[in-house]
Amino acid sequence: MSGRRAGGPGPATDTGTGVDSGAPGFVSHMPAALEEARAAAARHETPVGAVIVDPATGAPVARAGNRTRERADPTAHAEILAIREACAALGSERLPGLDLWVTLEPCAMCAGAIAAARIRRVYYGAGDPKSGGVDNGARVFAHPQAHHAPEVYSGIAEAECAALLRAFFAARRRA
C-alpha cells in the first residue's frame, strides 16, 4: 500500500486498529456512519453508511447511506453519495484534508472515487473479503496507477458494523 497505514494497537488506541483514540481531540465518527447504515437498512438497502469529516473542525461535511435500490443506481453506494454531497457543499471535485468514515471496506469503485477525490484518511469498520477494494480484492490504493492513496485505518467498531450486515442478510435469507 502506498498510503501510510495504521500500526498495531498501543496503550491509547482503539484495539486492533492503531487509531489513537486517547489522543487529545480524537473523535470517532463511526457512530454517525452506523446511524446512516441503520437508516439504509430501514429502507431495505444494504446497511452501509458513510460520513465525511473535516478533521480541523471535527464537523461532518456530508453523510449518506446506500441508496442503490431506491435510486435504481448501482453507483449509489454510501461513499459515492457522501463524496458527491461533500464536493457539492465545498464547490470542488477534490476533498483534500478530509476524512471518510464508512462501516464497510470500500469496494473497488468507491476506492477509485476516494482516490480521485484525494480524501486524506479512510476509517472503515468491517472488512469485505468478497467485494472489498482496499485491503481485499483489487487493493486499489496499492496500484501504481492510483493517483492518490489515503491513510487507511480498518477495524473501527468492526464487531458492530459486521453484526449489522450479518443481521440484514440473515433476515433477507429468511424472507
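**Helix H4 and its surroundings**

Modeller: In helix H4, residues 108-117, the buried residues are Cys-110, Ala-111, Ile-114, Ala-115 and Ala-117. Viewed down the axis of H4, these buried residues fall within an arc of 165 degrees, so they line one face of the helix. An α-helix has 3.6 residues a turn, so residues three or four places apart point the same way. The cover over the buried residues of H4 includes H3, S3 and strand S4 (121-126). Just after H4 comes Arg-118, with a positive phi of about 65 degrees. Keep in mind that this is a predicted model.

Now to one part of that cover, H3. Helix H3 spans residues 78-90 and holds Glu-79. Glu-79 is buried, yet has no salt bridge. Its nearest side chain of opposite charge is Arg-84, 11 Å away. What does Glu-79 touch, leaving aside residues up to four places away in sequence? The contacts are Val-48, Ala-50, Leu-100, Val-102, Leu-104, Pro-106, Cys-107 and Cys-110. Of these, Cys-110 is one of the buried residues of H4.

Strand S3 (residues 99-104) runs antiparallel to S1, and four bridges join them. Strand S1 covers residues 49-54 and is mostly covered: five of its six residues are buried. S1 also pairs with strand S2 (residues 59-65), again antiparallel, through six bridges. Asp-54 has Ala-59 in S2 as its bridge partner. Four residues lie between the strands in the hairpin of S1 and S2, where Gly-58 takes a positive phi near 80 degrees.

Next, the charged pairs. The structure holds seven salt bridges. Arg-120 lies in the loop between H4 and S4 and Asp-99 in strand S3, so the pair ties together parts that are 21 residues apart in sequence. Asp-99 counts as buried, at 3%.

Strand S4 supplies another pair. Arg-121 forms a salt bridge with Glu-151, with 2.8 Å between the closest N and O atoms. Arg-121 lies in S4 and Glu-151 in strand S5 (residues 151-153), so the pair ties together parts 30 residues apart in sequence. Both Arg-121 and Glu-151 are buried.

Arg-63 forms a salt bridge with Glu-36, and their closest N and O atoms are 2.7 Å apart. This pair links distant parts of the chain: Glu-36 sits in helix H1 (residues 30-42) and Arg-63 in S2, 27 residues apart. Glu-36 counts as buried because its relative accessibility is 15%. Arg-63, at 28%, counts as partly exposed. Glu-35 joins Glu-36 and Arg-63 in a network of salt bridges.

Last, the whole chain. Its secondary structure comes to five helices and five strands. Along the sequence the pattern is α-β-β-α-α-β-α-β-β-α. Of the 175 residues, 45% are buried. Among contacts with a separation of 6 or more, 58% are between residues 24 or more positions apart. The chain exposes about 8400 Å², with carbon and sulfur atoms supplying 54% of it.

Definitions and conventions
Residues numbered from 1 in each chain as written. Predicted model: local features only at pLDDT ≥ 70, side-chain atom pairs only at ≥ 80, totals over all residues. Heavy atoms only, no water. Helix = DSSP H or I, 4+ residues; strand = E, 2+ residues; numbered from the N terminus. Buried < 20%, exposed > 50% of the residue type's maximum accessible area, 1.4 Å probe, protein only. Lys, Arg positive; Asp, Glu negative; His and termini not counted. Salt bridge = Lys/Arg side-chain N within 4 Å of Asp/Glu carboxyl O. Contact = heavy atoms within 4.5 Å. Areas by Shrake-Rupley, 256 points an atom, 1.4 Å probe, with all protein chains shown as cover. Pairing = 2+ DSSP bridges. Arc of directions from axis to C-beta.
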